[in-house]
Every structure is written in structure tokens, then in C-alpha cells.
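Come along and keep the viewer open.

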Amino acid sequence: MLKFAAALLLAMIAPTLAGCTAPTAVEPTPQPPATTTPLPPRPSAAATTLPVASPTATRSADTDFMQRPPGLNVRVMSFNVNWDSVFPDDDPKNHDLREFSRGAAFARILRAVRPDVICLQEINYLRGASELSAFLEQAIGATTDEHWQVANVRDAVIATHFGLQEAGYQLVTSLYPYDLQQAAALVDLPDPDYGAIDLYLICAHFKAGGSRSDILLRSRQADVIMSNVRDLESPGGELDLVDDTPLLIMGDFNIYSTDPALHARTLEYGDIYDEATYGADLQPDWDLTALADAHPSHNGLGVDFYTWRTDSPLFPWGPLDRIFYTDSVLKLSNAFILNTTLMSDQALASLGLQFDDVVLDLGSDYYDHLPLVADFELVPAP
Ligand SMILES: [Ca+2]
Ligand SMILES: [Ca+2]
Ligand SMILES: [Ca+2]
Ligand SMILES: [Ca+2]
């Protein structure tokens, strides 16, 4: 019934989608359609204390949102960097779609945030885990005894300075097309600090675009993840997690306001869209409830919640990126979307950041995706 209703809804909105300025189908970041509209003159970052295109917002001196909460936490960060923008211009493995260069800003962000676990998207699949590891260690300024491990699938990259186990934890997608694969691994938290508990992570990048086939592919991508979660959380099959292992599903899901975004419902509530192929609905949390959405806001201020933005042409900004988690065994102690344009010069300086570090192209107000950060406290299962 839900399937029928969804199909009907899709059929009803299809003309709207076709007619609106939905992101073009260029895989996989929504790219702003070409425009000939002249842009109004903009103040330069150096000449103003106001954030670009947000004249009513004030820049805050607060840096508390960046502080790690007390106690034993794990800090995760998700960031769609836009194709290979973080690598040097002359890197032979740069993707054909690479248009921007922001390696220095990326390094400043990593050094300010200091995540334990990173989920990146739009990294050329040609890059190997060991070279990504070396690149990230240099970018983050790792100490000599700090080794970053990487598990990458398609353009999605999981990296951590903890242990990382990929074998036995990769999503089972062998019967499915390439687009349905996502990075997945078990983060081996150090036992002396965290006890026997480890952390399971799926780092995903969903199809962009507003066409009917894009929308349906996003549903399939969510169904595949959820069918794997069912296997991970139940005995038998091909994947097994220790009961009550904290689980995160994070990344760029291209959750727009211009389509029903049923895939978001699938990821949070376990409502499988194609049950004939991917099995019955499930309750994806260990206590047989839904997952929770970390719902971060810009610099923790509780005002702005979009994770993707472009102003030219205007396409609805929105939380395209998410961090879903098993709130039965994880307590969200802090969450924010880093927006350097809302920080005062003093706050930026104290964190080693610059005004436009999170903006992909300040000249055209093309922010693209912003980094999402969440701190989780591990809660013993009841
Ligand atoms: Ca461990
Ligand atoms: Ca299983
Ligand atoms: Ca269903
Ligand atoms: Ca729950």
C-alpha cells in the first residue's frame, strides 16, 4: 500500500520535479544549474565582518561548540568535500569532475575539529587506503605514534586513528549494482578505555539529482543498507555484530525537500521500500526502536540546519547530509555543523580557522556541503 502510494506520489510530482531547478543528474553532488543571471556585487571576506549572503546573522565569538564534552566520547565527522578538492592540484589521481582546490582549508578544519572517525565523500575511488591514510595523517598533523586507517568503497572513505576492521563487515551488495555499495567497517575502540565495545559505521553517498530514476535509486540505496543492518543485528546470514554494538549510518544522502525523500524514512525507521527484494521492515535499533538523527545545527546555535547550500542559482538549502545512530547505546553529547562564516575573527584565530574555510567558492556563494560533527558517549546497554 505504501509502495502504491509512493508511486502515485512520485507520478504526481514528476512534472514538478522536471520543471524545477532540481540539481542536475551529474553524479553525485547536486551541481547548480548553469545560470546567466548576473550576481550582485559581494563584499569581500576581508572587507566585512558580516557573513556573506546572511546580512542578518552576527558572527559569534563562541567556540564552546567545538569543545569535546567531558568523559569518554567518540567524535565523528562527515564531510562531502566536492570531488577531490582536498588534494593537490597536480595529483594524478584527481577525479575528472574536480573543479576546486581547498587542501589548506581542509587541513585547518581537520586540525580544529580533531575527529576520531571521519566519513568523507567524493574521493576518487582510484585512491588506495594506504595513500589516503598517509594523506590524512599529514593533513591532520598526526603524531608519529598516531596511525590513521582507511576503508574506502566507491567515493566514500572511512578513516580513524583507532583500529579499523573491514573484512567481515562490508555491506553485502554483490548482487547489486555498483551504485549500491557504501563504505562500512568496524571501528575497534581501544579496550583499555572503552572496554569490549566497538563502533560500527556505514559511510554512504547516495545518488544526487531530482529525476524519477535518481529518487528510486536513493530508495534502493537505503533499502540495501537496511537489509544489511537486519543481517548485522540478527544471527545467521553473512554479517553479525556483537549485540548492542553502537551503529552509525552517516554521509551525504541527498535528502532534498523537492521529493518525498522516502529513503530518509527507510534509514531512520527501517521502512523498506521494496520489501519483495530487500525483505520486511525492521526496527533498526537494538531496543527495537527507530534510529535517531543527530540533527546538528550550525555551530550548535540551533538556528540553521542546512548542510548544503548554493545561492546562485538558488536551490532549497537543506540537511542533505545526516548522522543516524542507535540511541539505545549512544548518547549524543554534542553536535554541530561547522560554519566558519558565523564565527568572529577572534574565534576563528583561536581555532586556527579562516572565514571561508567551509565555503567551496565564496565568489559565487557556493558553499556546497558543510562538515557535520557529533560527539557520542557510549552508554551501556540496559
Ligand atoms: Ca575494541
Ligand atoms: Ca547476521
Ligand atoms: Ca516498508
Ligand atoms: Ca532508537
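Predicted model: local features only at pLDDT ≥ 70, side-chain atom pairs only at ≥ 80, totals over all residues.

Residues are numbered from 1 along each chain as its sequence is written, while chains are lettered from A and ligands numbered from 1 in the order in which they are written.

**The sheet.** I looked up the strand order and found an open sheet of six strands, β5-β6-β7-β8-β12-β9, with mixed pairing. Its edge strands are β5 (163-165) and β9 (292-293), each pairing on one side only. Strands here are DSSP runs of E, at least two residues, and helices are runs of H or I, at least four residues, both numbered from the N terminus. Two strands pair if DSSP finds at least two bridges between them.

**Strand β7.** Is β7 buried or exposed? Seven of the seven residues of β7 (residues 199-205) are buried, so the strand is largely enclosed by the rest of the structure. Buried means that 20 or more other C-beta atoms, placed from the backbone, lie within 10 Å of the residue's own. I saw Leu199, Leu201, Cys203 and His205 pointing one way, and Tyr200, Ile202 and Ala204 the other way.

**Its neighbours.** β6 (residues 183-188) pairs with β7 in the antiparallel sense over five bridges, and Leu186 stands opposite Tyr200. β8 (residues 247-252) runs parallel to β7, joined by six bridges, with Cys203 opposite Met250.

Methods
Buried ≥ 20, exposed ≤ 12 C-beta atoms within 10 Å, placed from the backbone.
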